[in-house]
Amino acid sequence: MTRVIHTGDTHIGYQQYNSPDRRQDFLEAFRAVVEDAVTDDVDAVIHAGDLFHDRRPGLVDLQGTVDILRTLSDADIPFLAVVGNHESKRDAQWLDLFADLGLATRLGAEPIVIDDTAFYGLDFVPRSRRDDLTYDFDALPDGADHASLVSHGLFEPFAHADWDTETVLEESTVDFDAVLLGDNHKPDTAEVSETWVTYCGSTERASASEREDRGYNLVDFEDDEVAISRRGLSSTRDFAFVDVELTEDEGIDRVQERVRQHDLADAVVIVTVEGEGRPIAPAAVEELAIDRGALVARVNDRRDLPDEDDDVSVSFANPDDAVRERIREMGLSNAALEIDETVRSDGTVDSNVRESVERRVRELLEDDESAFEPAPEREPGDDDVTTVADQLADESASATDTADDESSDAEPEGTAGDAETPVADQQGATETDDAASATDDDGVEDAGEAEETADADTASLGDFA
């Protein structure tokens, strides 16, 4: 009999909610799986891809992973794995490095035999390249009574599937007794063409939609049977899911009341608001959860609230005028105000600002040593006190009026408001709108396509060295 732990989607290095504690949680979840493997003395740990969350894991994440894999190595438990879409690179993979260190084996077309079971591997393959795949695997070795394929992708008949499992099984040169999968974070098992196909799920919650307890599979290959069982991880961080259905007369008080009913100590708190009720301030709810000991708090308001934007009137002031007014209120000297104008002037090239300021300071000090004394105090109604700020503001206003007059004089009679948009501009706008529409339609990136969009990352093992 061969007994293995089937795990995957550990996503080490994922700093969820921008929290360093959550980043550590993903590493510790993988550590918990390995500790269970050592305690149970399983024959191997099978990892079905996405060991890391991305192609460039941090040094701390790499060191932590090596330390965990050494625990398995010291216990003489093989670590067999395939490459997932999150960590896949064009050249050598991190798994190759761990293999060079004697800490892992990357599965492929050549079988790795553990007791009486041969394990094969199929790394993640983008949809655009699957038509060219040939499922050619080396023959089952003598003495191996079972064969298992380990792969990463969204396989049928499970949710979000884009990979035909029947095709894989029919075209494979080996008859598999079980297919151990990764990529779908929800654990599930089904039988396809008389073969058990199973997802182990992720070891930590990578999104708020993953409410089920996290864990892994135990797979037993014995005689003519394959037995798959589920084991949960009790040491992962608690998630408190607070679901609130508001009636028409309820609001933030009801939401906060429901939050207080939960034990939030060190938990990730996800508050989901549905129903009717009054608008709420998410920040106030999140602050309450943090005050009650939560590590992270997020509010998802799923209600279709009425649009109140029609009652809001928005106007925009001239930002330059606002800045000048604020600077004048600061009581700066006339010389300092001139320097400020030099720094903010559109006519001064950025690379020449320092030189221009130094030159102007020298000129001001040569003309008057008291040039940088503070400006006279001025109250709002003092018309007899004039500063450089007033002069600059007047000059700006005068220039604006002159430009407006010239523009008005130049406009042909009867064309006001009827300016025609050039055809080229219309086409550009249409192309932009089409691009935005495409982005909206494809806002949720498919796990399979993520690999293709990031292929430009050609980091190699030299990064780790």
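Predicted model: local features only at pLDDT ≥ 70, side-chain atom pairs only at ≥ 80, totals over all residues.
Helices (H or I, at least four residues) and strands (E, at least two) are DSSP runs, numbered from the N terminus.

Residues are numbered from 1 along each chain as its sequence is written, and side-chain values use heavy atoms, with hydrogens and water left out.

Let's start with a pair of helices. Two packed helices are described by the angle between their axes and the distance between the axes. Helix H5, residues 252–260, packs with H6 at about 20°, and their axes are 10 Å apart. Angles under 35 degrees count as roughly parallel, over 145 as roughly antiparallel, 65 to 115 as roughly perpendicular and the rest as oblique, so H5 and H6 are roughly parallel to each other. And who is touching whom? On the H5 side we have Ile252, Val255, Gln256, Val259 and Arg260, and on the H6 side Ala284, Val285, Leu288 and Ala289, where contact means heavy atoms within 4.5 Å. By class, that contact has seven nonpolar residues, one polar and one charged. For the classes, Ala, Val, Leu, Ile, Met, Phe, Trp, Tyr, Cys and Pro are nonpolar, Asp, Glu, Lys and Arg are charged, and the others, Gly among them, are polar.

Now the sheet in that part of the chain. Three strands make an open sheet, ordered E13-E14-E15, with parallel pairing; two strands pair if DSSP finds at least two bridges between them. At the edges sit E13 (239–246) and E15 (296–301), each pairing on one side only. On average, neighbouring strands here are turned by 15° against each other, direction ignored. Helix H6, residues 282–291, packs on this sheet and touches E14 and E15, its direction making about 150° with that of E15. Strand E14, residues 268–275, is joined to E15 by six bridges, and valine 268 stands opposite valine 296 in E15.

Over to strand E11, residues 215–222. How many of its eight residues are buried? Seven, so to speak a mostly covered strand, with buried meaning under 20% relative accessible area, exposed over 50% and partly exposed in between, using a 1.4 Å probe and protein chains only. Threonine 2 has phenylalanine 221 in E11 as its bridge partner, and valine 219 has isoleucine 228 in E12. In the hairpin of E11 and E12, two residues lie between the strands, and aspartate 223 takes a positive phi near 50°.

Why does histidine 11 count as buried? Because its relative accessibility is 3%. Leaving out residues up to four places away in sequence, histidine 11 touches Phe26, Asp50, Leu51, Phe52, His53, His86 and His185.

Last stop, H1 and helix H2, residues 59–74: their axes come within 9 Å and cross at roughly 5°. That crossing is why H1 and H2 are roughly parallel to each other. The residues of their contact divide into eight nonpolar, three polar and four charged.

Methods. Axes fitted to C-alpha atoms, helices over the stretch in contact; angles between N-to-C directions.
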